[in-house]
Amino acid sequence: MNIDQQIRELLSFHGELRSQQKSDWKGDIPLPPSIERFYLEIGPVDILINGYGNPYYFPKLSNLWHMQAGYRWNSQTNQRIATWDDDWLVVADEGGDPFILSRRTERILLASHGTGELRPEEAFSSVTVMAACLGVLGWIVKHSGDSLTDNNFRIKKENYEHALNRISEFVGSIEEAEIILSALGWGVLSEY
């Protein structure tokens, strides 16, 4: 099974997928090739993926430009936000924390909102790797149910290890998977 098929399988567990054409793009900037391919081959349609905290959200392509409001421009005044790098395109989020595609590098950055100045850091090598990792975590959250965490709301070791092993298949190493899990808040483990 190729990576696109694996990602489709992971994401279809969380919602609708359908091929979306470049003509669905409503943006003022050219649609990056990796995003065009992602929507053509994977095609999330406003998918919410259960998370350890807030859900992860992938908009459908026709809503992707609207998702830039609050990041690229002020949604109340429609004024461009001066500190927003024109290279950036928000492609998903977790409770307002944006997953940002660098149009130059095609890598995905992650930033926390509400902390003053946005300081995104590289989190994933591509949008497909990001989708695979978030799909894996969502699958684990959903299948674990109440047994995801202990009584102190820390992720149980077996769930962390399952996530670590599955994500390492997509990123190539346990070490890289550990970095990703830590960035996504999966670093605090239960002793049980």
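Helix H4 is mostly tucked away, with 15 of its 18 residues buried; buried means under 20% relative accessible area, exposed over 50%, and partly exposed in between (1.4 Å probe, protein chains only). Keep in mind that this is a predicted model, where local features need pLDDT of at least 70, side-chain atom pairs count only at pLDDT 80 or more, and totals for chains, interfaces and linings use all residues. Residues are numbered from 1 along each chain as its sequence is written, and side-chain values use heavy atoms, with hydrogens and water left out.

**Helix H4**

- H4 covers residues 127–144 and spans 26 Å from its first C-alpha to its last, close to the 26 Å expected at 1.5 Å a residue (the expected span is 1.5 Å times one less than the number of residues).
- Helices (H or I, at least four residues) and strands (E, at least two) are DSSP runs, numbered from the N terminus.
- Just after H4 comes Gly-145, with a positive phi of about 55°.

**Salt bridges**

- The whole structure holds nine salt bridges, each being a side-chain nitrogen of Lys or Arg within 4 Å of a carboxyl oxygen of Asp or Glu.
- One of them pairs Asp-4 with Arg-37, with the closest N and O atoms 2.7 Å apart. This pair ties together distant parts of the chain, 33 residues apart: Asp-4 sits in helix H1 (residues 3–12) and Arg-37 in helix H2 (residues 33–41).
- An α-helix has 3.6 residues a turn, so residues three or four places apart point the same way.
- Glu-161 is partly exposed at 36% relative accessibility, and Lys-157 is partly exposed too, at 44%.

**A salt-bridge network**

- Arg-72, Arg-80, Asp-86 and Arg-103 are joined in a network of salt bridges.
- Within that group, the side chains of Arg-80 and Asp-86 meet at 3.5 Å, N to O.
- Arg-80 is partly exposed, with 44% relative accessibility, and Asp-86 is partly exposed at 39%.

**Around Leu-89**

- Leu-89 belongs to strand E3 (residues 88–94) and counts as buried because its relative accessibility is 0%.

**The largest pocket**

- The largest pocket holds about 300 Å³ of space. Of its 16 lining residues, Leu-110, Ala-111, Ser-112, Glu-121 and Ala-183 are the closest to its centre.
- Two elements give two or more residues to the lining: strand E6 (121–124) and helix H6 (174–183). H6 gives the most, with four residues.
- The lining divides into seven nonpolar, two polar and seven charged residues. Here Ala, Val, Leu, Ile, Met, Phe, Trp, Tyr, Cys and Pro count as nonpolar, Asp, Glu, Lys and Arg as charged, and the others, Gly among them, as polar.
- On a 1 Å grid over the protein atoms alone, a pocket is an open set of points where a 1.4 Å probe fits, with protein on both sides within 12 Å along at least five of seven lines; lining residues have an atom within 4 Å of a point.
- Grid points are joined across faces, edges and corners, and the volume is the space filled by probe spheres set on the points.
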